[in-house]
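What does the model show about confidence, salt bridges and a few individual residues? The paragraphs below take these topics in turn.

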Amino acid sequence: MPARYVFLLLTAVLNPAALAQPVKIAVTDEVVRTIPADYYGIQYHRNTYSAPVARAKLEQLPFTSVRIWAYPRLFSPEPGVWDWSDLDREISEVVAAGYVPIVCLFQGEDWRTSTADDPWWNDATQHAAWTEAARALATRYADDVDTWIVYDEINYLSAERPYYFPLNLSATLYLDAARAIRDADPGSAIGGPSGFSGWEHG
């Protein structure tokens, strides 16, 4: 509770008559920072940016970037196997429409031999594959992508659930992926995980 309200509450308790007195609250309006137009972004939706009707509506909105999902289970389904068809199409679609692609390397529990109940990060032999996938992803799209996100809302995973991602392990694998991306795309910005609640919010 803000100190101002605590003070008023104590005053009312100690002196009930104070409640009948007018309270003056000063409000100031000051611009701390102006949010630039390139701050805003939107999520990718299939075929939206190549559809004239959708494009016409989107052009009225003040955003410049589009977040695209990169699922390891899709672009790296097996060791040594790479399928870039979906990402090639999506990134090309966004770039052709005049927007800036931001790629999110999604952690996805069910990758290769793992399942939602037994995610890949529980298997130490998969950790190197994660780093390799991050490096390959950044290498392929370094010319088109300047901003990368590692993980999505990983802080929502609950310790009571089988797909829990422990903080220390997730931080280690985040750094592994970030370093691999930086090696492949040195001038890029790398952030994440996206989310807005506490780490073990669940």
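Helices (H or I, at least four residues) and strands (E, at least two) are DSSP runs, numbered from the N terminus. This is a predicted model, in which local features need pLDDT of at least 70 and side-chain atom pairs count only at pLDDT 80 or more, while totals for chains, interfaces and linings use all residues. Residues are numbered from 1 along each chain as its sequence is written, and side-chain values use heavy atoms, with hydrogens and water left out.

The pLDDT is the predictor's confidence in each residue, from 0 to 100. Its mean over the protein is 82, and 79% of the residues reach 70 or more. Where pLDDT is low, the predicted coordinates should not be read in detail.

A salt bridge is a side-chain nitrogen of Lys or Arg within 4 Å of a carboxyl oxygen of Asp or Glu. By this rule there are eight salt bridges. One of them joins glutamate 90 to arginine 46, at 4.0 Å from N to O. Glutamate 90 is in helix 4 (residues 85-96) and arginine 46 in the loop between strand 1 and helix 2 (52-58), so the pair links parts of the chain 44 residues apart. Glutamate 90 is buried, with a relative accessible area of 9% (buried means under 20%, exposed over 50%, partly exposed in between, with a 1.4 Å probe and protein chains only). Glutamate 90 also forms a salt bridge with arginine 89, the closest N and O atoms being 3.9 Å apart. Arginine 89 is partly exposed, at 30%. Arg46, Asp86, Arg89 and Glu90 are linked in a network of salt bridges.

Arginine 140 and aspartate 88 form another salt bridge, at 2.8 Å from N to O. Arginine 140 lies in helix 5 and aspartate 88 in helix 4, so the pair ties together parts 52 residues apart in sequence.

The loop between strand 3 (100-105) and helix 5 (127-141) holds serine 114, which is buried at 12% relative accessible area. Leaving aside neighbours within four places in sequence, serine 114 is in contact with Glu109, Pro119 and Trp120. Arginine 112 lies in the loop between strand 3 and helix 5, and its phi is near 60°, a positive value in a residue other than glycine.

Finally, tyrosine 40 lies in the loop between helix 1 (3-14) and strand 1 (41-43). Tyrosine 40 is partly exposed, at 36% relative accessibility.

Notes. Contact means heavy atoms within 4.5 Å.
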